[in-house]
Amino acid sequence: MTTYAGDMIVADEALDGRDAILAATGRHPFVRHSLPDHAPARGWRRAGAVGWLLTVEHGPIGGVIGAAEPAIDLVGAVAAAGRVGAGRWVHLPRTDPAPLGPAVTGHEDWDFLWTTGAPPTQPGEDRVVRLTEADHPALTALIDEAFPTSTARPGDPSVRHWYGIRDADRLIACGADRTRGEVGFLAGLTVAPRHRGRGLGATITAGMTRVLLARYDMVALGVYPSNLAAIRLYRRLGYTGTLPLTSVRFA
């Protein structure tokens with residue numbers, strides 16, 4: 001291994017830029033999603049893991065894919081070099097982050113799912129429409145009621161577009177296009193409590209997936225592993241690719 005000047009990070013190889021990181025990871029779907037085409041990126045390969053850091057103001061600052069043990073080692077080295085700011089999130093392969101010690105103040109386990117094919121047509125997909133800034137108050141009310149822990153919110157700079165389903169003049173389902181890299185990404189999918197059990201979750205997901213597949217060759221989303229009903233729905237709609245992840249927040 002070599003300690004790279006300017007990094008103070010011990011690694012087998014330094015990776016300069018998005019293209020080098022994509023090549024080192026075999027253009028993995030999660031890496032294609034994670035690396036914006038407009039943001040400089042720096043990466044490292046260490047044993048069975050490849051990690052990267054971004055220079056972005058919003059969203060996760062980096063990630064690692066590969067074997068869990070070298071992933072923990074690599075992230076620990078990057079953090080020790082002062083390269084991860086306070087409160088920033090980094091994605092790891094599913095693992096216990098305890099070896100990172102008090103540098104980590106929180107973590108979440110979740111699954112990154114992806115599809116490359118159009119979903120089966122769902123009833124009412126023609127009701128899925130793109131929303132505008134005028135719909136932000138209705139979006140806020142719906143999210144507050146139906147998904148108050150959602151990090152996708154009107155005004156979020158990481159959201160490109162919002163989509164929704166209305167019942168007369170009332171917004172009853174919504175989802176965000178939170179595409180970051182070259183993979184379409186769905187976030188904040190939710191249905192008003194009084195309208196659940198009617199297939200609207202499948203409708204909004206399928207409709208948005210179809211829209212994004214017209215722009216990208218792959219669409220992805222995230223789901224908590226405990227949400228078995230949502231996972232069954234996404235599998236039925238073609239989201240069969242899976243990468244289990246643990247995201248950690250640094251002090």
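Mentor: Let's begin with Asp 111, which is buried at 11% relative accessibility (buried means under 20% relative accessible area, exposed over 50%, and partly exposed in between, with a 1.4 Å probe and protein chains only). Please keep in mind that this is a predicted model, where local features need pLDDT of at least 70, side-chain atom pairs count only at pLDDT 80 or more, and totals for chains, interfaces and linings use all residues. Residues are numbered from 1 along each chain as its sequence is written, and side-chain values use heavy atoms, leaving out hydrogens and water.

The partner of Asp 111 is Arg 94: they form a salt bridge with their closest N and O atoms 2.6 Å apart (a side-chain nitrogen of Lys or Arg within 4 Å of a carboxyl oxygen of Asp or Glu). Asp 111 sits in strand S8, while Arg 94 is in the loop between strand S7 and strand S8, 17 residues apart (strands are DSSP runs of E, at least two residues, and helices runs of H or I, at least four, numbered from the N terminus). Arg 94 is partly exposed, at 31%.

Next, Arg 166 pairs with Asp 135, again with 2.6 Å between the closest N and O atoms. Arg 166 belongs to strand S10 and Asp 135 to the loop between strand S9 and helix H4, so this bridge ties together parts 31 residues apart in sequence. Arg 166 is partly exposed at 32%, whereas Asp 135 is buried at 14%.

Then Arg 215 meets Asp 177, at 3.4 Å. These two are 38 residues apart, with Arg 215 in the loop between H5 and strand S13 and Asp 177 in strand S11. Asp 177 is buried, at 0%, and Arg 215 partly exposed, at 41%.

Altogether, the structure holds 15 salt bridges.
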